[in-house]
Amino acid sequence: MSFVRPSVFESGLPRKARVGDGWLAFPKKTNQATDSNQVISVAAILGGLYGRSGTNTNRTDTTAAADAILATMPDMGIGEVYMFMVYNQTANTLVIAGGTDVTASGNLSVLTLTTKWFMLTKTSATAMTLEGF
């Protein structure tokens, strides 16, 4: 799976979508039920909806490395963002951490039986930041 920048129309002419055009979403749900810390695959991130079930204790799942994510988003410019949701179907807290060259900040905990937004921002040709909302 790769990220393809959608086209939008402005004054009747097509152009690539950019920041401020609104949110276009066609999510694909990926559920992880393994009772161990996991790496969130690029496909799960791009799918837009990552779910967690089947854990017996608090877990920390880590995003894929920035180079792997950015390789699927060649049209993404520095400063642009990609958002995805994480839902926690367990009785335990789930923490989302940044993979290699993904700097995590903000509240990254997904509490029991809740859903949370995460935003990846491209900060350079090889790095991203991850924020939880």
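Analyst: Contact here means heavy atoms within 4.5 Å. Keep in mind that this is a predicted model. Leaving out residues up to four places away in sequence, Thr90 touches Arg52, Ser53, Gly54, Thr55, Thr112 and Leu113.

User: Where is Thr90 placed, and is Thr90 buried or exposed?

Analyst: Thr90 sits in the loop between β7 and β8. For burial, the cut-off is under 20% relative accessible area. Thr90 has 6%, so Thr90 counts as buried.

User: What do the polar atoms of the Thr90 side chain pair with?

Analyst: One partner is the side chain of Thr55, in a polar contact of 3.5 Å. There's also the backbone oxygen of Asn92, 2.9 Å from a polar atom of the Thr90 side chain.

User: What about Thr55: where is that one, and is Thr55 buried or exposed?

Analyst: Thr55 is in the loop between β5 (48-52) and β6 (59-63). Its relative accessible area is 10%, so Thr55 is buried. Skipping residues up to four places away in sequence, Thr55 touches Thr34, Asp35, Thr90 and Asn92.

User: And how do I read the nonpolar core? Which residues touch the most other members?

Analyst: Think of buried nonpolar residues joined through side-chain atoms. The largest such core has 24 residues, and those touching the most other members include Ile69, Val86, Ile96 and Phe118. Among the elements giving two or more residues are β7 (81-88) and β8 (94-97), while α1 gives the most, with 4.

User: Which residues is Ile96 in contact with?

Analyst: Leaving aside neighbours within four places in sequence, Ile96 contacts Ile40, Asp61, Thr63, Val86, Leu108, Val110, Phe118 and Leu130.

Methods:
Residues are numbered from 1 along each chain as its sequence is written. This is a predicted model: local features need pLDDT of at least 70, side-chain atom pairs count only at pLDDT 80 or more; totals for chains, interfaces and linings use all residues. Side-chain values use heavy atoms; hydrogens and water are left out. A nonpolar core is a set of buried Ala, Val, Leu, Ile, Met, Phe, Trp, Tyr and Cys residues joined through side-chain atoms within 4.5 Å. Buried means under 20% relative accessible area, exposed over 50%, partly exposed in between (1.4 Å probe, protein chains only). A polar contact is a pair of N or O atoms within 3.5 Å; within protein, one must be able to donate a hydrogen and the other to accept it, and residues adjacent in sequence count only if both atoms are side-chain atoms.
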